[in-house]
Amino acid sequence: KTRERDFTILRKDFEEGGEQRYYVYFSAPNDVRRTTFMAWKNPDDDDSRWIYVPSLDLVKPLSANDKKSSFVGSDFAYEDVSGRHWSDDTHTFVAEEVLGDWTTWKIESVPNEKDYFVKKISWIDQASRLVVREEYFDKKDKQLKVFEVMEITDVQGIPTATQRKMTTPKKENFTVISFTDPKYDVGISEDIFSERYLKSPPSEYIN
């Protein structure tokens with residue numbers, strides 16, 4: 001059984017390693033059309049997340065506990081979409097390792113506070129500096145989920161993970177996100193990341 005979702009992601013970085021804002025608008029199918037997700041990432045404080053539910057005409061703030069919830073029924077969680085800040089975990093270098101076509105650094109990360117996983121192993125491609133694989137484990141050392149980059153594309157001189165996969169081994173489910181026509185430096189204004197645009201998407205970026 002396969003389900004498909006069409007969406008647009010807008011992201012604004014205010015400075016390298018600093019504040020970020022995300023805006024995700026779903027255009028199809030009808031059961032999720034006009035649903036909008038927004039996240040404000042603050043490197044010095046907790047992230048803020050909201051979702052607009054058009055059937056209820058309701059903007060709902062998402063609590064910190066919601067970050068592990070399924071993102072519109074996919075194997076990705078809300079936190080997977082907007083990202084997890086590096087300072088939330090303690091990291092240990094494990095080894096250099098060849099993973100497929102990539103020469104990687106293998107890193108073990110343990111949450112600084114109680115979380116839905118107790119350990120994460122990451123493989124970071126040395127050439128692009130992109131995370132190309134992550135494995136999340138529970139306290140019994142069983143895999144909770146596995147993240148994989150399936151394709152890296154050069155976009156305006158920037159290595160970009162244009163196809164990503166998340167697998168939930170226990171459920172034997174997986175979700176693939178494919179990005180088409182990505183662009184950088186398009187001049188997104190800060191006011192787009194507000195409640196007003198949760199209900200009325202910016203027409204200059206969303207058809």
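## Strands, contacts and salt bridges in a predicted model

Leaving out neighbours up to four places away in sequence, Ser122 is in contact with Trp105, Lys106, Ile107, Arg133 and Glu134. Ser122 belongs to strand β8, and its relative accessible area of 5% makes it buried, because buried means under 20%. Please keep in mind as you read on that this is a predicted model.

### The seven-stranded sheet

Where does β8 sit among the strands of its sheet? The sheet is open, has seven strands and runs in the order β6-β7-β8-β9-β10-β11-β12, with antiparallel pairing. At its edges are β6 and β12 (173–178), each of which pairs on one side only. On average, neighbouring strands of this sheet are turned by 20° against each other, direction ignored.

Strand β6 covers residues 89–99 and strand β7 covers residues 102–111, and the two pair in the antiparallel sense over 10 bridges. Across this pairing, Phe93 stands opposite Ile107 in β7. Ile107 is also one of the residues that Ser122 contacts. The hairpin of β6 and β7 has two residues between the strands, and Gly100 in this hairpin takes a positive phi near 60°.

Further along the sheet, strand β10 (residues 143–155) pairs with strand β11 (residues 158–168), again in the antiparallel sense, over nine bridges. Here Thr153 stands opposite Thr160 in β11.

What do Met150, Phe174 and Val176 form on the surface? They make up a nonpolar patch, with about 280 Å² of accessible area together. Val176 has its place in strand β12, and it counts as partly exposed because its relative accessibility is 37%.

Tyr25 lies in strand β2 (residues 20–28). Is this residue buried or exposed? With a relative accessible area of 7%, Tyr25 is buried. Not counting residues up to four places away in sequence, Tyr25 touches Asp6, Phe7, Thr8, Arg34, Thr35, Thr36, Pro201 and Ile206. Asp46, by contrast, is 21 residues from Tyr25 in sequence and 23 Å from it in space, C-alpha to C-alpha.

The loop between β2 and β3 (36–41) holds Pro29. The peptide bond from Ala28 to Pro29 is cis, with omega near -5°.

Asp57, which is not a glycine, has a positive phi near 50°. Its loop runs between β4 (48–53) and β5 (58–62), and Asp57 is partly exposed, with a relative accessible area of 47%. Arg129, also not a glycine, has a positive phi of about 65°. Arg129 is found in the loop between β8 (119–125) and β9 (131–137), and it counts as exposed at 56% relative accessibility.

### Salt bridges

Side chains of opposite charge can pair when their charged atoms come close. The structure holds 19 salt bridges. Three of them are set out here.

| Salt bridge | N to O distance |
|---|---|
| Arg5 and Asp31 | 3.9 Å |
| Asp89 and Arg84 | 2.8 Å |
| Arg133 and Glu148 | 3.4 Å |

The side chains of Arg5 and Asp31 meet in a salt bridge. Arg5 lies in the segment before β1 (6–13) and Asp31 in the loop between β2 and β3, so the pair ties together parts that are 26 residues apart in sequence. Arg5 counts as partly exposed at 22% relative accessibility, while Asp31 counts as exposed at 58%.

Asp89, the partner of Arg84, counts as buried at 6% relative accessibility.

The side chains of Arg133 and Glu148 also meet in a salt bridge. Arg133 is in strand β9 and Glu148 in strand β10, so this pair ties together parts that are 15 residues apart in sequence. Arg133 counts as buried at 19% relative accessibility, and Glu148 counts as partly exposed at 25%. Which residues do shared partners join into one network? Salt bridges that share partners link Lys67, Glu79, Arg84, Asp89 and Asp115 in this way.

Terms used: Residues are numbered from 1 along each chain as its sequence is written. This is a predicted model: local features need pLDDT of at least 70, side-chain atom pairs count only at pLDDT 80 or more; totals for chains, interfaces and linings use all residues. Side-chain values use heavy atoms; hydrogens and water are left out. Two strands pair if DSSP finds at least two bridges between them. Helices (H or I, at least four residues) and strands (E, at least two) are DSSP runs, numbered from the N terminus. Axes are lines fitted to C-alpha atoms, for helices over the stretch in contact, and angles run from 0 to 180 degrees between N-to-C directions. Patches are made of residues with over 30% relative accessible area and no salt bridge: like charges are joined within 9 Å, nonpolar side chains (Val, Leu, Ile, Met, Phe, Trp, Tyr) within 5 Å. Accessible areas come from the Shrake-Rupley method with a 1.4 Å probe; for residues, only the protein chains shown count as cover. A salt bridge is a side-chain nitrogen of Lys or Arg within 4 Å of a carboxyl oxygen of Asp or Glu. Buried means under 20% relative accessible area, exposed over 50%, partly exposed in between (1.4 Å probe, protein chains only). Contact means heavy atoms within 4.5 Å.
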